[in-house]
Every structure is written in C-alpha cells, then in structure tokens.
Amino acid sequence: MKVDIGMVVLAASGLVMAAPISIRAAEVPAAATTACLTAVNSNYGGNVGDLKVASSEFSEANSIVMVKALRVRGTNKAESWKCLVSNRGQVQELTMASSGSSHGHAGAAVSEQSKSACMARVNDLYGGNVRDLQVTRTKYEKPNSVVVVRAIGERGGSTNQKYRCLVSNTGTVQDLKAVSH
C-alpha cells in the first residue's frame, strides 16, 4: 500500500528545498502468512474446504494474521482464527477468534486431565521439588486451552513462579512459559 506524504520541507544551511516522498507500509511476509494457513488447516486434519486471509498486521517482532476457515470438516461451518507469527514463519500462538457454528464452546470447562498435565509439567521443571501447585486461572478454547499454574515454594524455598500452560483438551501440554507475577 503506497501512502503519499506530500512535500517535505528540508532546511539546511539556510536553504529551503521541497521534495516529494512516499512510504510503503510493511507487509506481512509470505512465509508468515503460509505458516498461519498451514497451522489452521492442521487443526482440522487438513479437512478445510477453503482458507482465506481475512486481514494481516505487520509488526517487527511478530505479525498477526487473521484466517477464515470455510467448509471445515466437510460442513458449511466457518471459523475465524487469530495467528501470532514471527516474520520468518514460526507460529507463536494460534487461537480461535470466532465460530460460525451454532454449537459454540461457551460454558465449557478446562478438563481436570488438562489441569493435571500442566501441574505435572511445572512440577517436572523443579525435579518434583515444589511445596504446592495451584491452578490460578483457566480459559477453555479449541483446540488448546490455557491454564495458569502457580508454583509455591520452588525447590523448597520461599519463592513463587507463575506459568502459562497451553494444553490440548485431552491433556497434552503444547507449550509452557514462565510469566511475571
């Protein structure tokens, strides 16, 4: 997208010059867009009738690509996904933005199996030496939910640490990251 700024007045040594300039808005690289389309398609086992990029927003750190999945799993259902992706094409986070289905997941809860898997993974980080583990927050999403776990008394000490756990709804931990208190 080309944006005309117009005339820029430059002053140097008492001299005034006018020069036309234009700026190109940075675009999300093709590798990043392709990675997001592939990630969404993979969530359906490759059974998506059509994938479209609804919008994209470039950032130097990670870009956002909004993807619309049409005719998922052989139905007329459409779902929208938000993909946070590095500009080299590494998907950082993939979350469902909306579902065109009449069967939403409102009111669904994160399974005990998923919570336990996250607590076990955090405990493993400390070689089983955590005084207590508490689930402080959960958010149910498809295909993966978020569970926040607080490790209390790490390695027998008095320090605490919170972790954000991305976990499948069948209890497979996809990602675990320490978060600020």
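Predicted model: local features only at pLDDT ≥ 70, side-chain atom pairs only at ≥ 80, totals over all residues.
Which residues have the most contacts inside the largest nonpolar core?

## Nonpolar cores

Inside the largest nonpolar core, which has 17 residues, those with the most contacts are Val40, Tyr44, Val65, Ala69, Trp81 and Val85. At least two residues of this core are supplied by each of α1 (30–43), β4 (62–72), β5 (78–86) and β6 (91–99). Helix α1 provides the largest share, with five residues.

An open sheet is formed by four strands in the order β7-β8-β9-β10, with antiparallel pairing. Strands β7 (130–139) and β10 (173–179) each have a single partner strand and stand at the edges, so one side of each is left without a neighbour in the sheet. On average, neighbouring strands of this sheet are turned by 25° against each other, direction ignored.

The pairing of β9 (residues 160–168) with β10 is antiparallel and extends over six bridges. Opposite Lys177 in β10 stands Arg164.

## Helix α2

Helix α2 spans residues 112–125, 14 residues in total. The distance from its first C-alpha to its last is 20 Å, close to the 20 Å expected at 1.5 Å a residue. The buried residues in α2 are Ser114, Lys115, Ala117, Cys118 and Val122. Viewed down the axis of α2, the buried residues fall within an arc of 160°, so they line one face of the helix. An α-helix has 3.6 residues a turn, so residues three or four places apart point the same way.

The buried residues of α2 are covered by elements that include β7, β8 (144–154), β9 and β10. On the face of α2 turned away from the buried side are the exposed residues Glu112, Gln113 and Asp124. Following α2 is Gly127, which has a positive phi near 60°.

## The loop residue Thr159

Thr159 is located in the loop between β8 and β9. Its relative accessibility is 43%, and Thr159 therefore counts as partly exposed, since this class lies between the limits of under 20% for buried and over 50% for exposed. When residues up to four places away in sequence are not counted, Thr159 touches Ala151, Ile152, Gly153 and Glu154.

How values were computed:
Residues numbered from 1 in each chain as written. Heavy atoms only, no water. Pairing = 2+ DSSP bridges. Axes fitted to C-alpha atoms, helices over the stretch in contact; angles between N-to-C directions. Expected span 1.5 Å × (residues − 1). Buried < 20%, exposed > 50% of the residue type's maximum accessible area, 1.4 Å probe, protein only. Arc of directions from axis to C-beta. Contact = heavy atoms within 4.5 Å. Core = buried A, V, L, I, M, F, W, Y, C linked by side-chain atoms within 4.5 Å.
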